[in-house]
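Here are my notes for you, in numbered points. Keep the picture open while you read, and look up each spot as it comes along.

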2 protein chains.
Amino acid sequence: MPDAETRPEPLYLEDLSTGMKFSGGSYAVTEEEIIAFAKQYDPQPFHCDPEAAKQTFFQGLAASGWHTAAITMRLLAEGAMPFGGGSIGLGAEVSWVRPVRPGEVLSVENEVMEIMPSRSKPHQAIVTLRTTTRNDKNQTVQIMTSKVLAFNRGHIPGALS
Amino acid sequence: MPDAETRPEPLYLEDLSTGMKFSGGSYAVTEEEIIAFAKQYDPQPFHCDPEAAKQTFFQGLAASGWHTAAITMRLLAEGAMPFGGGSIGLGAEVSWVRPVRPGEVLSVENEVMEIMPSRSKPHQAIVTLRTTTRNDKNQTVQIMTSKVLAFNRGHIPGALS
């Protein structure tokens with residue numbers, strides 16, 4: 001887990017407003033990790049065999065889109081989604097704009113698009129976030145719109161209080 | 001990669017029609033793997049610390065939604081999306097209906113919802129698929145709608161022919 005020292009102060013529902021942006025951290029994607037992830041979760045030649053990948057649609061090794069999504073989550077959990085109670089996603093829409101290649105360094109920008117208070121649970125809301133993942137050439141590799149839960153301070157379900 | 005022997009014959013664009021369904025394979029989710037995935041990609045207490053997870057929203061260890069998505073991809077790549085040229089996703093919308101717990105065994109059902117021929121590339125189409133991931137109690141854990149590329153036989157871009 002991220003160091004408590006480097007992690008930003010958590011924000012609660014009452015701290016959030018539309019248009020707020022968060023970022024932070026970066027993640028270097030190695031060929032070794034692309035292949036290891038793909039062998040476990042997306043075993044296709046263009047994701048796990050650099051030589052065979054040359055004769056595919058991707059014309060070379062490319063990270064699984066699900067790997068890009070997982071790395072994006074890591075960057076969110078490490079600071080780009082500093083929500084009290086954690087990042088609890090209900091769902092997400094992901095577009096893979098361009099493949100991630102070995103050696104790229106990814107970072108994210110995360111923006112609050114909408115805050116929809118719960119009718120039945122007064123201290124809870126569904127927050128819509130737009131998360132753009134870019135490589136170190138500032139090219140967008142993934143765009144994600146997600147719906148996550150946010151809670152008022154002192155009202156995290158399940159938490160000891 | 002899956003055994004060539006157990007992998008179904010690939011289907012090409014001309015073989016596909018709306019309403020076709022695919023399934024195949026299962027994946028047992030261990031506590032060890034939930035924690036390993038979470039430590040790398042979603043380092044939050046409810047995904048990587050069984051004891052701390054008890055005092056969270058999830059009231060116990062739960063797999064990261066991105067882990068559920070990655071396992072779904074594995075089941076698709078192993079046979080539930082038997083497309084010639086591979087499973088090349090443009091994007092996906094994922095809903096996490098219920099958390100995946102240690103010990104559950106996941107399987108998928110994958111259905112062709114729509115086939116949209118490309119205007120500019122005559123041998124190519126965007127296929128919309130709906131993939132339902134269930135646990136071994138037949139409870140739906142994830143619903144995904146994805147857009148993937150399909151190609152006519154003999155027209156895989158980048159492939160030696």
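Predicted model: local features only at pLDDT ≥ 70, side-chain atom pairs only at ≥ 80, totals over all residues.

1. Start with how the two chains sit together.

2. Residues are numbered from 1 along each chain as its sequence is written, chains are lettered from A and ligands numbered from 1 in the order in which they are written, and side-chain values use heavy atoms, with hydrogens and water left out.

3. Now the meeting surface. The copies meet through the same surface, because 100% of the interface residues of chain A are also interface residues in chain B. Whenever I say contact or touch, I mean heavy atoms within 4.5 Å.

4. Next, the parts list for chain A. You can find four helices and six strands, in the order β-β-α-α-α-α-β-β-β-β along the sequence. Both kinds of element are DSSP runs numbered from the N terminus: helices are H or I with at least four residues, strands are E with at least two.

5. Some whole-chain numbers. The C-alpha atoms of chain A fill a box of roughly 55 × 30 × 30 Å along the principal axes. Of its 161 residues, 49% are buried; buried means under 20% relative accessible area, exposed means over 50%, and partly exposed is in between (1.4 Å probe, protein chains only). Among contacts in chain A with a separation of 6 or more, 68% are between residues 24 or more positions apart.

6. Zoom in on strand S5 of chain A, residues 124–134. It's largely enclosed by the rest of the structure, because eight of its 11 residues are buried. On one pairing, S4(A) (residues 105–117) runs antiparallel to S5(A) and is joined to it by 10 bridges; two strands pair if DSSP finds at least two bridges between them. Look for A:Glu114 opposite A:Thr128. A hairpin through six residues links S4(A) to S5(A).

7. S5(A) also pairs with S6(A), residues 140–151, again in the antiparallel sense, over 11 bridges. Here A:Val127 has A:Val148 as its bridge partner. While you're looking at these strands, here's a rule to keep in mind: in a regular strand, side chains alternate between the two faces of the sheet.

8. A:Asn138 has a positive phi of about 65° although it isn't a glycine, and its place is the hairpin of S5(A) and S6(A), with five residues between the strands. Is A:Asn138 buried or exposed? It counts as exposed, at 59% relative accessibility. A:Gln59 has a positive phi of about 50°, also without being a glycine. You'll find A:Gln59 in the loop between helix H3 (50–53) and helix H4 (65–80) of chain A, exposed at a relative accessible area of 61%.

9. Over to chain B, where S4(B) (residues 105–117) has several antiparallel partners. Three bridges join it to S1(B), residues 21–23, with B:Lys21 partnered by B:Glu111. Two bridges join it to S2(B), residues 27–28, with B:Tyr27 partnered by B:Leu106. S4(B) and S5(B) (residues 124–134) pair over 10 bridges, including the one between B:Met116 and B:Ile126.

10. Last stop: B:Thr140, in strand S6 of chain B. B:Thr140 is partly exposed, at a relative accessible area of 23%. Leaving out residues up to four places away in sequence, B:Thr140 touches B:Val97, B:Arg98, B:Thr132, B:Thr133 and B:Arg134. How far is its C-alpha from that of B:His123, 17 residues apart along the chain? The separation is 35 Å.
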